[in-house]
Amino acid sequence: MPDVAVIGGGAAGMMAALAAAEEGKDVLIIEKNKMLGRKVRITGKGRCNVTNSAPADEMLRFVPKNSRFLISSFKKFDNTDLISLLEGAGLKLKTERGGRVFPESDKAADVVNTFMRLLAKERVRVLICDSVTELLTEDGKIKGLKTAKGRTVLSEKVILCTGGKSYPLTGSDGSGYELAKSVGHTVVPPKAALVPLETKESWVAELQGLSLKNVAVALKENGKKIYDDFGEMMFTHFGITGPVVLSSSCHVSDTEKNSYTFEIDLKPALDEKQLEDRILRDFAENANKNFENALGKLYPQKLIPVMVKLSGIDPYKKVNSITREERRSLLKLTKCLAFGISRPRPIDEAIVTDGGINTKEINPSTMESRLVGGLFFAGEVIDVAAYTGGYNLQIAFSTGYTAGKSASKEKENKNG
């Protein structure tokens, strides 16, 4: 029987297993897929944004929900520890815009392969293509588990790292929630986080495929700003996606009860006076052209027809005939291109899950269940979620490390 059984071989599971094995424990990972790290292999569009280079004490600012729960885990194992671990194992990393840390190779598989080498070095056993169907308990303590293929694994330390409900084809199908509930835990209903957003206005679809860089965005709920960001986004056939959109989606909760508006400042580097001067210069250069043909320096080509339509200015009007009021309306539209959000996309399109095992039922210092002795949790199965930028993987690694180290320790006060 293993000293520690880890359910799930994703980011949190691999780290938990490694942390426990480093303490000399016999560790078994049970993974339903044919390989470890299935979801890690596709994150960051196959490049794997492993963490962020933000100062460790600032990382939690990018976790909008239950961030205090993570304080202890982040102190035990932060982004600098992760970078040292991976680079020490031979994986070269690089830092890109926004502090995003990637493998130099741009191959997510290299991250998984690095962990697999580390696990092999520590002689961690891996059982693939089998899933856990039942947790075994006795007198309020974990005793082991049963699998779909009829195996019974006895272990007094079990770490549940099954992920959330996003990307279900990778194994994150919500099964971990049912296991937790079967032994008395409550689960905050999961919903999509870091997910594209569908929009109300039909003109958005006309911009499908258009990417915008260096824009400032704001999300409003019932007219009140609840989130703002700066960076990249993209229009799709259904609405919007991209880093700033995914992070803002964490704040879209109930679209039936609340009204959400998304606003884009297309020229955030210019204040209104500077933008007006810019428009005046462009108009002076194109004084005898039709309005629709005078905007090539101001907007991407695909955006021009939409901006012309929304401005209300006759596209065939000569630029030298445009009034000050019309020019002001174009300026305001440029600083605030707004549209309504109808709903987030389905949870199986989300990068991570918002919701999961109630953090009040988990000891934040150890990741151990407050209800079942010897049962630990790590990663996305817990009710925590962060913005895009490498923070969610860092949560998985930090909580996995904490759970693995904690599961390796003998109880200081044994009953009896």
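Trainee: Does Asn 392 count as buried or exposed, and why?
Mentor: Good place to start, and bear in mind that this is a predicted model, where local features need pLDDT of at least 70, side-chain atom pairs count only at pLDDT 80 or more, and totals for chains, interfaces and linings use all residues. Residues are numbered from 1 along each chain as its sequence is written, and side-chain values use heavy atoms, with hydrogens and water left out. Buried means under 20% relative accessible area, exposed over 50%, and partly exposed in between (1.4 Å probe, protein chains only). Asn 392 has 17% relative accessibility, so this residue counts as buried.

Trainee: Which residues does Asn 392 touch, leaving out those up to four places away in sequence?
Mentor: Asn 392 sits in helix H11; helices here are DSSP runs (H or I, at least four residues), strands likewise (E, at least two), numbered from the N terminus. Contact means heavy atoms within 4.5 Å. On that basis the partners are Leu 194, Val 352, Ala 385, Ala 386 and Tyr 387.

Trainee: How far apart are the C-alpha atoms of Asn 392 and Asn 49?
Mentor: Along the chain, these two are 343 residues apart. Their C-alpha atoms are separated by 9.5 Å.

Trainee: Which exposed residues lie on the face of H5 turned away from its buried side?
Mentor: The buried residues of H5 include Val 111 and Phe 115. The face turned away from that side carries Ala 120 and Lys 121.
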